There are 2 protein chains.
Amino acid sequence: MYAYEALPVAEWFRRNRELAGFHNPTRALYQTVRELVENSLDATETYGILPTIYLRINIEDEQKSWVSVYAEDNGIGIPGAEIPNVFGRVFYSSKYRIKQHRGVFGLGLKMVVLYAQSTTNKPVYVRSAALKSDKIYEYQIMIDTNSNSPIILDRKEYPNKYRWHGTAVKVYLEGSWLAAKKRIEDYLKRTAIIAPYAEIAFKGPDMELWLKRRTTKLPPAPKEGLPHPKSVDVDTLKQMVAESRGMTLLEFLMESFDAVGEGTAKVFLEWAGFNPNMKVTAMTPEEMVKLVEKMKQYGGWRRPRSEWLSPVGAELLEIGAKAILGAEAVFAVTRKPESYGGHPFIVEAAVAWGGQIPPSDKPVLLRYANKIPLLYDEGADVARKVVDEFNWQNYKVKFPASLAVIIHVCSTKIPYASAGKEAIAEVPEIEKEMRLALRDAAKKLRLYLSRKEKEMEMFNR
Amino acid sequence: MYAYEALPVAEWFRRNRELAGFHNPTRALYQTVRELVENSLDATETYGILPTIYLRINIEDEQKSWVSVYAEDNGIGIPGAEIPNVFGRVFYSSKYRIKQHRGVFGLGLKMVVLYAQSTTNKPVYVRSAALKSDKIYEYQIMIDTNSNSPIILDRKEYPNKYRWHGTAVKVYLEGSWLAAKKRIEDYLKRTAIIAPYAEIAFKGPDMELWLKRRTTKLPPAPKEGLPHPKSVDVDTLKQMVAESRGMTLLEFLMESFDAVGEGTAKVFLEWAGFNPNMKVTAMTPEEMVKLVEKMKQYGGWRRPRSEWLSPVGAELLEIGAKAILGAEAVFAVTRKPESYGGHPFIVEAAVAWGGQIPPSDKPVLLRYANKIPLLYDEGADVARKVVDEFNWQNYKVKFPASLAVIIHVCSTKIPYASAGKEAIAEVPEIEKEMRLALRDAAKKLRLYLSRKEKEMEMFNR
Ligand SMILES: Nc1ncnc2c1ncn2[C@@H]1O[C@H](COP(=O)(O)OP(=O)(O)OP(=O)(O)O)[C@@H](O)[C@H]1O
Ligand SMILES: Nc1ncnc2c1ncn2[C@@H]1O[C@H](COP(=O)(O)OP(=O)(O)OP(=O)(O)O)[C@@H](O)[C@H]1O
Ligand SMILES: [Mg+2]
Ligand SMILES: [Mg+2]
């Protein structure tokens with residue numbers, strides 16, 4: 001009755017792994033591929049490197065349904081001393097900052113390692129060299145779930161003769177290849193649509209897939225941003241003040257926040273009833289609460305800037321969708337940046353028409369968040385709702401039609417519905433932008449279809 | 001580029017609070033009510049106490065949209081020394097055992113406290129006395145998110161003159177009462193359907209709701225169970241072996257697992273090729289992997305027992321549904337225990353017909369997991385799929401119809417799709433049982449409708 005227990009964080013995630021997408025051997029194999037591929041794309045494109053990714057799944061023991069997954073990239077690599085924590089410590093990441101990447105939680109690799117060691121009892125094998133590193137490092141690592149720290153089973157380092165940089169990872173896990181195959185294939189193709197600048201060579205037990213690089217143009221690499229005044233709460237403000245090193249309130253606002261110049265800061269502080277020259281660290285807790293409240297209420301802030309975002313852009317979307325879907329025509333739109341709760345976001349949409357797209361009674365929907373294809377939980381995603389409620393008749397589309405819709409949301413804070421990153425929770429500002437993006441793209445389709453109709457009429461006279 | 005950071009667990013959950021249902025002021029208010037009410041029900045019914053719960057929501061500051069939530073119960077209470085960790089330490093719980101409760105994560109209260117302190121900077125106020133406690137303890141607590149430990153702002157204790165036992169909690173948070181009102185009302189009514197033995201008195205800013213106790217019959221209190229041989233993985237086995245205090249393999253199987261008698265253990269160990277008299281701690285890691293693999297493959301285990309489950313039962317389901325829905329007739333079914341992955345589960349279903357249920361084109365679906373009403377993410381829940389695919393025509397139901405369907409899954413391990421516990425992930429064994437339970441309940445409805453038809457015919461002659 002009164003027996004309480006504290007669970008260490010790594011043990012908690014091992015026991016509740018379905019929250020991160022590791023429900024069963026089928027989902028776990030799919031999720032392992034996702035975590036490795038998304039890390040590789042984050043380690044390349046974000047730093048201006050054209051991604052080249054090798055991915056291999058082998059059946060290791062049919063009877064036990066053990067498979068191995070191997071992923072290798074040409075990214076920035078991981079410094080030798082950091083490899084143990086990167087793979088062996090839950091909530092260890094380089095992505096806890098205001099900048100768009102696919103990774104956000106600092107959990108992905110650790111879930112892969114926890115699932116692998118819980119099912120096959122084998123370590124993860126890692127080989128990596130950072131940019132300009134003289135050495136290549138190799139490790140075998142497991143996680144001590146009691147202390148949330150890496151267990152190093154083996155460690156090697158040797159000269160990096162050919163100036164290689166990148167990361168290679170191999171894990172052994174219980175996985176159902178046949179049940180997961182279709183989803184994995186789908187995931188990789190959808191990745192090639194949104195990232196046509198990536199080259200992905202996949203080899204599975206009974207199939208091969210080569211997704212060629214369709215363009216060498218990369219989307220703009222996102223910069224690192226500052227929080228917008230509307231996005232902070234009291235605890236966050238306390239942490240920022242602790243790092244403010246003796247600034248005045250005026251300096252603090254100008255230096256630590258996005259979209260706050262000297263003029264705006266002065267006007268705001270007067271409106272809010274604060275002394276601009278007071279030392280930030282002299283604020284009482286009540287004054288901090290008041291400051292946060294006023295920041296949220298103030299209507300005069302500039303919009304959050306969007307340099308920290310990295311949309312795909314209409315041109316690349318069109319290249320990707322045409323190449324992979326075999327569409328006759330693709331119309332893409334990138335909306336202007338908007339924000340919710342102080343977090344900037346951009347919605348992009350594309351409609352792909354005809355060609356090899358199979359006709360169906362409702363549009364095929366390809367959902368993306370920060371360039372990650374979302375395949376599961378479509379019913380819980382606001383994008384499905386937007387596409388189903390859209391009035392296609394106004395845009396000359398009658399069903400069955402060969403129509404695919406791509407909806408991509410990018411943001412410094414995607415409101416995921418779960419740690420498995422499979423659906424976007426409902427946020428009114430995002431939903432509105434999805435509708436508008438879809439409308440803009442559909443208008444272009446309507447124009448194309450009317451022109452085609454006219455040509456057909458001319459032709460048939 | 002190579003700057004890594006480790007986030008403390010409490011800080012990580014504070015930043016990613018939408019994963020646990022605290023997306024915005026509306027959802028956070030709803031989720032706070034859920035966490036407090038579910039804890040109170042776990043602290044009463046599970047120990048054979050008829051629940052009496054007072055719940056109050058007050059507007060504290062209209063302009064800042066600060067509200068307070070107060071919940072008081074007559075449960076087993078919390079020992080004084082445990083109160084700080086219970087409220088101030090993420091992953092601290094009495095429910096990390098094989099037994100059905102609503103709570104499973106050891107996170108609920110901490111999310112409430114983290115959200116409250118992040119928005120209003122106020123502590124949680126707690127008053128509690130355990131059963132037979134001479135004293136009543138009062139605390140004011142916040143969470144230090146760097147060290148994941150309670151900050152005690154105030155502590156009092158005084159004599160427990162009237163032998164009270166229970167827990168009272170008050171928090172101040174940013175919450176949108178008007179936006180959350182409908183869901184909170186819905187949630188409390190759905191709680192009263194599944195727990196007609198509970199008395200819940202709610203007072204909100206502009207409404208009152210008194211859910212009377214409809215019966216003094218309580219469902220069977222669940223016992224505490226052992227893991228089934230099919231439900232363990234390698235890491236879990238390692239932990240169990242570490243606690244086995246020098247047993248032989250034979251003793252270990254008989255003592256530490258559910259549904260394993262001496263006979264079964266001997267037969268299994270022979271089949272699997274293990275020496276029954278070997279000391280468990282002498283097993284190598286490879287042998288442990290082999291043991292787990294053989295335990296999963298062995299077809300001769302008995303089914304997992306279900307003493308650790310606590311279904312509602314057809315009788316209580318009918319009482320609850322009739323009283324709250326105002327149905328003309330209710331037909332409920334409780335299926336026999338089944339299992340998935342070694343975890344026992346039971347599915348119950350009820351169909352409520354006519355009376356005050358408004359007619360609609362598809363059945364109203366009331367979903368429950370371990371007696372928790374699930375209101376959000378219906379699209380991601382397998383129960384919605386089962387009800388929509390059901391062939392109602394075969395059961396004399398034509399739409400629009402006044403029909404409500406209740407589906408309840410209870411298990412020692414509900415496969416939740418997220419930490420907010422709003423939807424059940426797809427597990428084939430559970431889905432199958434839902435279909436069968438729905439069929440059984442619908443058959444009873446069909447019988448009732450045919451009889452009614454006949455009576456009408458007789459009447460109209
Ligand atoms: N292929 C890679 N190349 C370079 N660095 C990598 C690679 N994979 C992972 N990393 C580094 O390891 C860190 C941890 O990766 P992990 O997948 O666990 O978390 P994450 O990507 O930050 O977030 P998420 O849990 O959302 O995936 C990353 O932040 C990144 O710095
Ligand atoms: N009203 C209450 N009466 C008695 N004990 C309580 C009460 N509320 C909470 N507790 C105790 O505090 C512990 C922590 O509660 P908390 O809600 O944080 O986690 P949980 O209920 O175990 O799991 P979950 O995160 O799924 O809700 C519980 O396990 C229980 O032992
Ligand atoms: Mg990652
Ligand atoms: Mg709880």
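Let's start with one spot: Ser450(A) is buried, with a relative accessible area of 18%. Here buried means under 20% relative accessible area, exposed means over 50%, and partly exposed is in between, using a 1.4 Å probe and protein chains only. Ser450(A) has its place in helix H12 of chain A, and its side chain reaches the backbone oxygen of Arg446(A) at 2.6 Å. That is a polar contact, meaning a pair of N or O atoms within 3.5 Å; within protein, one must be able to donate a hydrogen and the other to accept it, and residues adjacent in sequence count only if both atoms are side-chain atoms. Helices (H or I, at least four residues) and strands (E, at least two) are DSSP runs, numbered from the N terminus.

Some ground rules: this is a predicted model, where local features need pLDDT of at least 70 and side-chain atom pairs count only at pLDDT 80 or more, while totals for chains, interfaces and linings use all residues. Residues are numbered from 1 along each chain as its sequence is written, chains are lettered from A and ligands numbered from 1 in the order in which they are written, and side-chain values use heavy atoms, with hydrogens and water left out.

## Two copies

Turn chain A by 180°, with a shift of 0.0 Å along the axis, and it can be laid on chain B with an RMSD of 0.0 Å. The two copies are thus related as by a two-fold rotation axis. In chain A, Gly379(A) has the C-alpha nearest that axis, 2.2 Å from it. The superposition is by least squares on the C-alpha atoms of residues with pLDDT of at least 70 in both copies.

How do the copies meet? Of the interface residues of chain A, 100% are also interface residues in chain B, so the copies meet through the same surface.

## Salt bridges

Side chains of opposite charge can pair when their charged atoms come close. Glu224(A) sits in the loop between strand S10 (208–211) and helix H6 (234–242) of chain A, and Arg97(A) in the loop between strand S4 (92–93) and helix H4 (108–119) of chain A, so the pair ties together parts that are 127 residues apart in sequence. Glu224(A) is partly exposed at 46% relative accessibility, and Arg97(A) is partly exposed at 25%.

Another bridge runs between Lys413(A) and Glu18(B) (3.1 Å, N to O). Since Lys413(A) is in the loop between strand S16 (403–411) and helix H12 (428–460) of chain A, and Glu18(B) in the loop between helix H1 (9–15) and helix H2 (25–42) of chain B, the pair joins two chains. Glu18(B) is buried, with a relative accessible area of 10%. There's also a network of salt bridges linking Glu11(A), Arg14(A), Arg15(A), Arg17(A), Asp233(B) and Asp235(B).

## The two ligands

Where does ligand 1 lie? Ligand 1 lies between chains A and B. Of the 23 residues around ligand 1, those that come nearest are Ser93(A), Ser94(A), Val104(A), Leu107(A) and Lys421(A); a residue is near if one of its heavy atoms lies within 4 Å. Taken alone, ligand 1 exposes 590 Å², and the protein buries 96% of that. These areas come from the Shrake-Rupley method with a 1.4 Å probe; for residues, only the protein chains shown count as cover.

Ligand 2 lies between chains A and B. Around ligand 2, H2, strand S4 (92–93) and helix H4 (108–119) of chain B each supply at least two residues of the shell. A polar side-chain atom of Asn39(B) is 2.9 Å from an oxygen atom of ligand 2, and for Lys421(B) a side-chain N or O atom is 2.7 Å from an oxygen atom of ligand 2.

## One more buried residue

Met207(A) is found in the loop between strand S9 (199–203) and S10 of chain A, and is buried, with a relative accessible area of 13%. Leaving out residues up to four places away in sequence, Met207(A) touches Trp177(A), Lys181(A), Glu185(A) and Phe202(A), where contact means heavy atoms within 4.5 Å.

Terms used: A salt bridge is a side-chain nitrogen of Lys or Arg within 4 Å of a carboxyl oxygen of Asp or Glu.
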